[in-house]
Amino acid sequence: MVLFAQQTDQRVLKQLKKNISFLSADKLEGRRTGTPGEKLAYGYISKAFKKAGLQPAGTAAGSFLQPFVVNEGKVIAGTNYLAVDNHKFIVNKDYFPLPYSAPHISDKSFMGMKEQIDIKEMQDGNKNNPHFDLHAALIEKIISYEKAGAELVILHNGNKDFETFSANDKTAAFGIPVLYLKQLAYDKLNADKGSLTNIAFSINISEKKSTGHNVVGIINNNAAYTIVLGAHYDHLGYGEDHNSLYTGTKPMVHNGADDNASGTAALIALASWIKESSLTNYNYLFVAFSGEELGLFGSKYFIEHSPVSPDSINYMINMDMVGRLNDSTHGLAIGGYGTSPAWNKVVKEKDDFFRIKLDSSGSGPSDHTSFYRKGIPVLFFFTGTHSDYHKPSDDEPRINYAGELKVIRYIEEIVRKLNDEPKLAFTKTREAQMGRSTFKVSLGIMPDYTYNGSGVRVDGVSAGKAAEKAGIKTGDVIIKLGTHPFTDVMSYMGALNKFEKGETTTATLMRDGKEIQVNITF
């Protein structure tokens, strides 16, 4: 019989409240990846790991931190100016370069062939075309102008201005400058009988990068295999990445008490419990991930740069939003149930306390997905969504501490029962649907949300679906469906919605540097 030290409930409850209160405090400003708030959080978690008795397992010797780069898109930086017919314009106020413009042009006086695009004219001419895609039409027109020898393209819009430079546009850069002249500036030129001929400008567009930090600690029992327990600690900051459900206009801190200070606090509690226990048949890695809200950046980086071989990881347990257990229903969702036949020995749908909802899929919108895609059995714990999800109102007073303690004890029991079991077998499962689908068809791929190039890189292919039947593979970059090109996941979804079930088309993709086409039947 395994003997292990018992923590008192009051001690754990006190620590949970202390840790969640700190991580969800206003001074951390929402713990957005790459910000001073993230730094405060990872410093705190590092100290908590050390206090729990974990050894540092970060990138540098003696450090708990594992830094990784997040490419956040493009930014207008350096010297940018535009002068037209003696009118001087201010970048972002009067004009801006499009993100797919030639990125670096210094002190150019324009004398060559130019083209203008009136966006309103394009939209008016296609108002009865249900398949019209403005972005795709603009790109196609600019391509044709560049091929025809144009050295500059200027866009304007008599209908409604683009609001700002689109930092997340992943369209590949053209070899010519593409500028957007806001309508007030354009109208001023017309009023002054400007000719758009005497043009001088500079353009500087750079990649915007930040550094995120996973926090990694280990209990090394010199065992052959390792168990990973994880939770992401980053959140939405002020909602500047447009992933907030807040509808107000005033920027607000998103404290993320449940999402996911709750999971991080549970991770720290489990680290203390396992360190004090007599569980020694496995090593234990504890990882607080960053970059989850931006697209699983931290967990994807971790599994590619793990301090132990991924082949030696027995299983992974992920906790994301475990702090809002409903006192009436006691509902607990457990994902990944189908990733190993061993799970049915320790996870039962019928429970004396919890009303358990099992999901077999190993993938989903959280960090366990990165491990599942490496052939590692996973479990994902989640106490359910609520009206404060991704809003500034997800605050510490709303946490159900007694309920979270119940979840922690449940996970402890799973870990304890599996201590004497051999390495778990892995089974592949269906791919989970991300959110409620409004699509008429499915390609059957899992997009790589960390990919920063143009198109959608395939991070996983579902068995029996259209993509697998067409021969699409993990690592392929899909750039077009039929006649509908796309540059990122959002525009891919727009293209997908153009098709009906049973329809056959082509998918254009890049594989090993070569463009190929495959036939797809939805």
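This is a predicted model: local features need pLDDT of at least 70, side-chain atom pairs count only at pLDDT 80 or more; totals for chains, interfaces and linings use all residues.

Biologist: How many residues does the largest nonpolar core have?

Modeller: That core has 63 residues. Those with the most contacts inside it are Phe49, Val215, Tyr284, Phe286, Phe381, Ile414 and Val415.

Biologist: And which helix gives the most to this core?

Modeller: Helix α6, residues 257-276, with 11 residues.

Biologist: Take Ile414 from your list. What does isoleucine 414 touch?

Modeller: Leaving out residues up to four places away in sequence, isoleucine 414 touches Ile317, Trp343, Val346, Val347, Leu379 and Phe381. Another core, of 38 residues, lies apart from the largest one. Leu82, Tyr95, Leu155 and Ile199 are among its residues.

Biologist: On to the helices. At what angle do α1 and α2 cross?

Modeller: Roughly 160°, and their axes come within 10 Å. Helix α1 covers residues 9-23 and helix α2 covers residues 36-51. Because of that angle, α1 is roughly antiparallel to α2. The crossing is right-handed.

Biologist: Which residues make the contact?

Modeller: From α1, Lys18, Asn19, Phe22 and Leu23; from α2, Leu40, Ala41, Tyr44 and Ile45. By type, the residues of this contact are 6 nonpolar, 1 polar and 1 charged.

Biologist: What about α1 and α6, how do their axes cross?

Modeller: The axes of α1 and α6 come within 9 Å and cross at roughly 140°. The two helices are therefore oblique to each other. Their crossing is right-handed.

Biologist: Which residues meet there?

Modeller: On the α1 side they are Arg11, Val12, Leu16, Asn19, Ile20 and Leu23. On the α6 side they are Ala257, Ala261, Ser262, Thr264, Ala265, Ala266, Ile268, Ala269 and Glu276. The contact of α1 with α6 divides into 10 nonpolar, 3 polar and 2 charged residues.

Biologist: Where is the cis peptide bond?

Modeller: It runs from aspartate 259 to asparagine 260, with omega near 0°. Asparagine 260 is in helix α6.

Biologist: Why point that out?

Modeller: Because most peptide bonds are trans. Most residues other than glycine also have a negative phi.

Biologist: So what is phi at leucine 296?

Modeller: Positive, at about 60°, although leucine 296 is not a glycine. Leucine 296 sits in the loop between β12 and α7. Its relative accessibility is 12%, so leucine 296 counts as buried.

Biologist: And aspartate 512, what is its phi?

Modeller: Near 55°, again a positive value in a residue other than glycine. Aspartate 512 is in the loop between β21 (504-511) and β22 (514-521).

Biologist: Is aspartate 512 buried or exposed?

Modeller: Aspartate 512 counts as exposed, because its relative accessibility is 75%.

Biologist: Now a loop residue. Where is asparagine 400?

Modeller: Asparagine 400 is in the loop between β16 (378-382) and α10 (401-417). It counts as buried because its relative accessibility is 14%. Not counting residues up to four places away in sequence, asparagine 400 touches Gly323, Leu325 and Asp327.

Biologist: Where does isoleucine 143 lie?

Modeller: In helix α4, residues 134-147. With a relative accessible area of 33%, isoleucine 143 is partly exposed.

Biologist: One more. Which strand holds glutamine 116?

Modeller: Strand β7, residues 114-118. Glutamine 116 is partly exposed, with a relative accessible area of 32%. Glutamine 116 and asparagine 204 are 88 residues apart in sequence, and C-alpha to C-alpha they are 21 Å apart in space.

Key. Residues are numbered from 1 along each chain as its sequence is written. Side-chain values use heavy atoms; hydrogens and water are left out. A nonpolar core is a set of buried Ala, Val, Leu, Ile, Met, Phe, Trp, Tyr and Cys residues joined through side-chain atoms within 4.5 Å. Buried means under 20% relative accessible area, exposed over 50%, partly exposed in between (1.4 Å probe, protein chains only). Helices (H or I, at least four residues) and strands (E, at least two) are DSSP runs, numbered from the N terminus. Contact means heavy atoms within 4.5 Å. Axes are lines fitted to C-alpha atoms, for helices over the stretch in contact, and angles run from 0 to 180 degrees between N-to-C directions. Angles under 35 degrees count as roughly parallel, over 145 as roughly antiparallel, 65 to 115 as roughly perpendicular and the rest as oblique. A crossing is left-handed if the near helix is turned anticlockwise from the far one by less than a right angle, and right-handed if clockwise. Ala, Val, Leu, Ile, Met, Phe, Trp, Tyr, Cys and Pro count as nonpolar, Asp, Glu, Lys and Arg as charged, and the others, Gly among them, as polar.
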